[in-house]
Amino acid sequence: MLLLIVRYGNAVTLIKITAKPSTIELFVNRLDSVESVLPYEYTAFDFCYDESEKRPSENLGQVLFGERIEPSPYKFSFKKNMECQSVCPKSYNTEKAEDKAKLEFLKKGMLLNYQHHWIVDNMPVTWCYDVEDNQKFCNPGFPIGCYVTDTGRAKDACVVNADFNDKDTFYIFNHVDITIFYHVVENEAAGARLVAAKLEPKSYKHTNWEKPDCTGPPMSLGNKFSGEIKIPYTYSVKFVEDKTIRWASRWDYILESMPHTNIQWFSIMNSLVIVLFLSGMVAMIMLRTLHKDIARYNQMDSVEDAQEEFGWKLVHGDVFRPPRKGMLLSVFLGSGTQIFIMTFVTLFFACLGFLSPANRGALMTCAVVLWVLLGTPAGYVAARYYKSFGGEKWKTNVLLTAFLCPGWVNEEINNSFEFKVVFADFFVMNLILWGEGSSAAMPFGTLVAILALWFCISVPLTFIGAYFGFKKSGIEHPVRTNQIPRQIPEQSFYTKPLPGIVMGGILPFGCIFIQLFFILNSIWSHQMYYMFGFLFLVFIILLITCSEATILLCYFHLCAEDYHWQWRSFLTSGFTAVYFLVYAIHYFFSKLQISGLASTILYFGYTMIMALIFFLFTGTIGFFACFWFVTKIYSVVKVD
């Protein structure tokens, strides 16, 4: 008797050895759709389910992403082929309000093309079909059913069968042909390993559900149907030995069917060209222009020569003058530092394979845990820079850093603060999901756990970081600041704040927009994202591009004798988030098929959260790059 090797997934064991060691268990996950942001649990659609089995536990990342893994009534015995096995029948009577509501919800799911997601041995059960250019695409989901419009147009999966031709009719995929691939391990005592699981959804109107034969016309349901109807669910399963697929590479056939690699390399080359262009510009400034300027300034010995100063040297007495709204800027820098370190560490672990799609929810769990633990550097950076800006309201600074209210904060706020906009936005989105009965709604227990992580771990860590930041002496600047501010001359159009800020975000966005397309596809079109190596490389390119673009514009503004560089450097690279938001709006109207007010509100609500986080992330990069640049150039100039 063969014993199956069980791989323990990140959250649950998705193939279970019971008293009969050869029993394979299939799990079901939430259902989602590209036409709706609202995912639903498997049981919401009144499918066959197993009440006797205990539901497996989920990690934090799975709960936040709305995954709801449940046991199913589909049971297999290893190497035992079965034909047209009955699972259960579902009966509906439209004269009963409860049955009518269930049937209407099922029809809504088919109309919006909701997809099943089944799991065997922590692998998605895929539906593979031919697409254009003789390519095969393996979808990790399959539809509930499909709809033929009142004009006779077959929507979505209805195009696969010519028998789906009745107008204004739904066709339910109530049968699946499952094929499980395995290979025998000869040099191990374990026996065999599962390496792939595929299925083909079909529709049969079984006349005798107790003894189904899986033949005959499809299972149809008229849109205006009334009366009684019975929907029997069946399945067939067969096992095929495949010696060509290694267990370690069993996900490859899913990933290889997604033809993204060539586009990714094009994205990388496009980004590298931008980086080389900017690097050349910065190198020219640093090695030629700045070198000549510094040499000329240092050779000035007489007062008369000093009076003939021009360009960025003229503002040396004002360049480190504290900015307006220094409290808000320091809080943004602290939160941006927290986001930057979290993103870097998460992507680094993802590149090493620890956060692959096989480890369900691991990516989100890692990001949340890091965010909570990184309160210390956030508090330290905010306190350090707030002190260097001459701030004295350290309690307000710490509280704002811990609770980051990115609403407009002014210096007169004393001991009051608001909850952070991100949490408020998220809470409103969660209320909408609760109201719609979606599986993406965070359970109350999880919400309490998130708040406990925030208040009991993140906030104290922020206070600890702020304590050390305020305790340390302020940042020493290479030049003294004059008591009387220098008057800034009239600026040309190109050196005014707004044009520079708008232009500064273009090049960083140009480096990421192709990668951004795949990320948005992963989030909203439910496509699997696995190219973390590309993403990490784009992350480094974005870091370099934001830094160089900000340094360039900072130099031009200093040469124009405008010394207000702190907020400008933050907003210049932070403006990339505005282009991100515009692209997300374009993506919604041009690429997505989302319908319904709730889904639209959820899309833009979550997009605003992502844009805000991206704004803090890129703005912080720009500020630190410009701060280093300004400190560097003024530290090598002789100032009397």
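**View 1. A nonpolar surface patch of about 470 Å² in the predicted model****.** The patch is made by Phe344, Phe348, Phe349, Leu352 and Phe354. Phe344, one of these residues, has its place in helix 6, which covers residues 326-351. With a relative accessible area of 34%, Phe344 is partly exposed, a value that lies over the 30% required of residues that make up a patch.

**View 2. The second largest pocket, which holds about 410 Å³ of space****.** The lining of this pocket comprises 26 residues, and those nearest its centre are Trp127, Asp177, Glu200, Pro201 and Lys202. Two or more lining residues come from each of strand 10 (127-130), strand 15, strand 16 (191-202) and strand 18, and of the contributing elements strand 16 gives the most, with 5 residues. Sorted by class, the lining of the second largest pocket has 12 nonpolar, 6 polar and 8 charged residues.

**View 3. The second largest cavity, with a volume of about 100 Å³****.** A search of the whole structure finds 6 cavities of 30 Å³ or more, and the view is centred on the second largest cavity, for which 13 lining residues are found, with Tyr74, His116, Trp118, Phe173 and Tyr233 the closest to its centre. Strand 15 (175-184) and strand 18 (228-241) are the elements that give two or more residues to the lining of this cavity. By class, the lining of the second largest cavity has 9 nonpolar and 4 polar residues, and no charged residues.

Key. Residues are numbered from 1 along each chain as its sequence is written. This is a predicted model: local features need pLDDT of at least 70, side-chain atom pairs count only at pLDDT 80 or more; totals for chains, interfaces and linings use all residues. Side-chain values use heavy atoms; hydrogens and water are left out. On a 1 Å grid over the protein atoms alone, a cavity is a set of points where a 1.4 Å probe fits but cannot get out, and a pocket is an open set with protein on both sides within 12 Å along at least five of seven lines; lining residues have an atom within 4 Å of a point. Grid points are joined across faces, edges and corners, and a volume is the space filled by probe spheres set on the points. Helices (H or I, at least four residues) and strands (E, at least two) are DSSP runs, numbered from the N terminus. Ala, Val, Leu, Ile, Met, Phe, Trp, Tyr, Cys and Pro count as nonpolar, Asp, Glu, Lys and Arg as charged, and the others, Gly among them, as polar. Patches are made of residues with over 30% relative accessible area and no salt bridge: like charges are joined within 9 Å, nonpolar side chains (Val, Leu, Ile, Met, Phe, Trp, Tyr) within 5 Å. Accessible areas come from the Shrake-Rupley method with a 1.4 Å probe; for residues, only the protein chains shown count as cover. A salt bridge is a side-chain nitrogen of Lys or Arg within 4 Å of a carboxyl oxygen of Asp or Glu. Buried means under 20% relative accessible area, exposed over 50%, partly exposed in between (1.4 Å probe, protein chains only).
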